[in-house]
Amino acid sequence: MNQLLIALTVVLVVAAVVQVIRILELSAELRGGNTNKVNDKDNRNQGALMLLFMIAMVVSFFWMWFKWEPLMLPGASSEHGVQIDNLMAITMGIIIVVFLITQPLLFFFAYRYRGKKENKASYVSHNNRLELIWTAIPAIVLTVLIVYGLKTWSGIVNKDTSDAQVVEFYARQFDWTARFTGQDGMLGEANVRNIQGANIVGIDMEDEFGQDDVLGRGEIYLPVGQPMLFKFRSQDVLHSAYFPHFRMQMNCVPGMNTQFAFTPTKTTDQMRQETGNPEFDYILLCNKICGAAHYSMQMTIKVVSQEEYDRWMSEQTPLANS
Ligand SMILES: [Cu+2]
């Protein structure tokens, strides 16, 4: 009912505005003016509006910057995250500088060179030097940014993972299950056909590597400073494992294994002090809209010291015993 009233009000307001404009046009015609002819007064008004818009745009840009800056993520909590933050800061810096030069100029020129009856526009046919400048400068800047980005990316994905600890994340509508390797440091074979009872990720229980695997749900622990290799599987649809504080995201594709290596650098306690938020927690989210309860696909991650991690791990039950 409320929506209907709002829609009705909007329609009536638009109709009223159209009618008022029509009346103004008719009364101008009655006074002998030509409403279709642009005169100096119109140009002055439009020029002033251009200037006004330019000021409003720059002011609102800085207002949004300072108002919403506190909503940004805190500094990266992984080794490669610092490189991603640098890449982002440099790219954003260049974009902001170019924006603050070109956009206000555009509206200032529209004001400065607004139409006047006695003025006549001059015609410039071609200028090689100008063409060269505005082709070469963006080309060089873009090349530097792209090469820098590719270099950063290849450094992040081509990591030596020989001493990394492996953890698997199993995605399904609508939750995550983590699987740790247990004592042997190896994940057992797994297949969706083996899913049964407590074995919710389908570990092959004939495989000796799988016997001591440990499952974690809701909240898991990771040791700080330890290189990790995360592997991802999905049971049903496309999901995406997103760890915003680690600057990490990887798709979880049914029938396919994906992975991402990284090293967490700050414990949860350190982050709680740094952010001044005693309730801070690292989080794993699903970043693909995978169904109706997609928003509830979360897992809490506690980054702790190696000793605390070992203590937590010793309290977990291997799958074969559960
Ligand atoms: Cu999902």
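In this predicted model, Arg112 lies over the face of Tyr113, at 5.2 Å from the ring centre, where a charge sits over a ring if NZ of Lys or CZ of Arg is within 6 Å of the ring centre and within 35 degrees of the ring normal. The charged end of Arg114 is likewise placed over the ring of Tyr111, 4.8 Å from its centre. Local features need pLDDT of at least 70 and side-chain atom pairs count only at pLDDT 80 or more, whereas totals for chains, interfaces and linings use all residues. Residues are numbered from 1 along each chain as its sequence is written, and side-chain values use heavy atoms, with hydrogens and water left out.

**Aromatic pairs**
- The structure holds 25 aromatic pairs, counted when ring centres of Phe, Tyr or Trp (its six-membered ring) lie within 6.5 Å, with planes under 30 degrees apart classed as stacked, over 60 as edge-to-face and the rest as tilted.
- One of them joins Phe230 and Phe262 edge-to-face, at 5.0 Å centre to centre and 70 degrees between the planes.
- This pair links distant parts of the chain, since Phe230 belongs to strand S5 (residues 228-234) and Phe262 to strand S8 (residues 258-262), 32 residues apart; strands are DSSP runs of E with at least two residues, numbered from the N terminus.
- Phe246 and Phe262 form a tilted pair, because their ring centres are 4.9 Å apart and their planes stand at 45 degrees.

**Burial and cluster**
- Phe230 is buried at a relative accessible area of 0%, and Phe262 is buried at 1%, where buried means under 20% relative accessible area, exposed over 50% and partly exposed in between (1.4 Å probe, protein chains only).
- Phe246 also counts as buried, at 1% relative accessibility.
- One aromatic cluster is formed by Phe169, Phe230, Phe232, Phe243, Phe246, Phe262, Phe280 and Tyr282.

Definitions and conventions:
Helices (H or I, at least four residues) and strands (E, at least two) are DSSP runs, numbered from the N terminus.
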